[in-house]
Amino acid sequence: MSNELIVLNQIQKIFYTEEVETHALSNISLTIKEGEYVSISGPSGCGKSTLLSLLGLLDTSTGGEYKLAGHDVSNISKEERARIRNKEIGFIFQSFNLISDLDVEENVELPLTYRKDLSKSQRQEMVKDALQKVDMSHRGKHFPSQLSGGQQQRVAVARAIAGNPSIILADEPTGNLDSKNAQAVMALLDKLHSEGATICMVTHDPRSAERAERNIDVLDGQVIADKKVLPNHSESTSITAEEAVAV
């Protein structure tokens, strides 16, 4: 059985505004295998966030083929995209995207409530496990406003992994964090990858990109480099995911 989780073939994305065509992505072909840790880098406006949106089924391509876990998801309905997204894909956003009037446990549980295959007790157990993994169990009844930026991002990571998704998509996960908390979040992603998680991360930060085992460079909507690297975890020795529980 193939371990190819994501296969893109000649993917294009064109945005139309009145009489203007903007080619955000042109002929993107790439494969991501189960268990890989991939970073996507490039200058602002190069198309990397658009690519991540397509991978996460938040948007659809203008042309080309996208297979997720062997299934063609190029032209499926909005409702089917939402169903697959909820079950197969975990998202980590730069701005955390936590709901202010829900506590930590409720924020982590929210995506799971749309899963018809899960009981309340199953959801609660999954939330408990996810918060333990990010060392935030002690903050379960706190609200986002009572947490530091680093803690909020750790909750966002818990929300992303609670449903045991096939892949974690991270969009600038350290963009709103200071250096200490950024290192802690990257150490946490390292740990998740070591436990078998498939991760695809968009980042401007070369230090974050170095943590991945494969770097994809995007420029003007095209992949200009795709190389495997030996991750450099030298910074992770100064602070680990377990050590960095921000106050």
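The model described is a predicted one. In these terms, helix 1 is followed by Leu57, a residue with a positive phi, near 60 degrees. Helix 1 itself spans residues 48-55 and is mostly covered, with 6 of its 8 residues buried. The buried residues are Lys48, Thr50, Leu51, Leu52, Leu54 and Leu55.

In general, the strands of a sheet pair through backbone hydrogen bonds, either parallel or antiparallel.

Within the sheet, strand 1 (residues 4-17) runs antiparallel to strand 4 (residues 63-68), and 5 bridges join them. Asn9 has Glu65 of strand 4 as its bridge partner, and Ile6 stands opposite Leu68 in strand 4. Leu68 also has a bridge partner in strand 5, namely His71. Strand 4 and strand 5 run antiparallel and are joined by 2 bridges. These two strands form a hairpin with 2 residues between them, and Ala69 in the turn has a positive phi of about 55 degrees.

The other open sheet has 6 strands in the order 6-7-8-3-9-10, with mixed pairing. Its edge strands are strand 6 and strand 10 (222-228), each of which pairs on one side only. With direction ignored, neighbouring strands of this sheet are turned by 15 degrees against each other on average. Helix 5 packs on the sheet, where it touches strand 6 and strand 7 (167-171); the direction of helix 5 makes about 170 degrees with that of strand 6.

Strand 3 (residues 37-41) and strand 9 (residues 214-219) pair in the parallel sense over 4 bridges, and Ile40 stands opposite Ile216 in strand 9. By contrast, strand 9 pairs with strand 10 in the antiparallel sense, over 6 bridges. Here Val218 stands opposite Val223 in strand 10. Strand 9 and strand 10 form a hairpin with 2 residues between them, and Asp220 in the turn has a positive phi of about 50 degrees.

The largest pocket has a volume of about 440 Å³. It is lined by 19 residues, of which Asn86, Ile89, Phe91, Pro111 and Arg159 are the closest to its centre. Helix 2 (78-88), strand 6 (89-93) and helix 5 (149-161) are the elements that give two or more residues to this lining. By class, the lining of the largest pocket holds 11 nonpolar, 5 polar and 3 charged residues. Strand 6 and helix 5, which both contribute to the pocket lining, are also in contact with each other where helix 5 packs on the sheet.

The count of cavities of 30 Å³ or more comes to 1. The largest cavity has a volume of about 80 Å³. Its lining is made up of Leu8, Ile11, Leu54, Leu57, Asp59, Thr60, Ser61, Tyr66, Val73 and Ser74. Among these lining residues are Leu54 and Leu57; Leu54 is one of the buried residues of helix 1, and Leu57 is the residue with positive phi that follows this helix. The lining of the largest cavity divides into 6 nonpolar, 3 polar and 1 charged residues.

Leu118 is found in the loop between helix 3 (104-109) and helix 4 (120-133). Leu118 counts as buried because its relative accessible area is 14%, and the cut-off for buried is under 20%. Apart from residues up to four places away in sequence, Leu118 touches Leu112, Arg123 and Met126. Leu118 and Gly163 are 45 residues apart along the chain, and their C-alpha atoms are separated by 9.9 Å.

Methods:
Residues numbered from 1 in each chain as written. Predicted model: local features only at pLDDT ≥ 70, side-chain atom pairs only at ≥ 80, totals over all residues. Heavy atoms only, no water. 1 Å grid on protein atoms, 1.4 Å probe; cavity = no way out; pocket = protein on both sides within 12 Å on 5 of 7 lines; lining within 4 Å. Points joined across faces, edges and corners; volume = space filled by probe spheres on them. Nonpolar A, V, L, I, M, F, W, Y, C, P; charged D, E, K, R; others polar. Buried < 20%, exposed > 50% of the residue type's maximum accessible area, 1.4 Å probe, protein only. Pairing = 2+ DSSP bridges. Axes fitted to C-alpha atoms, helices over the stretch in contact; angles between N-to-C directions. Contact = heavy atoms within 4.5 Å.
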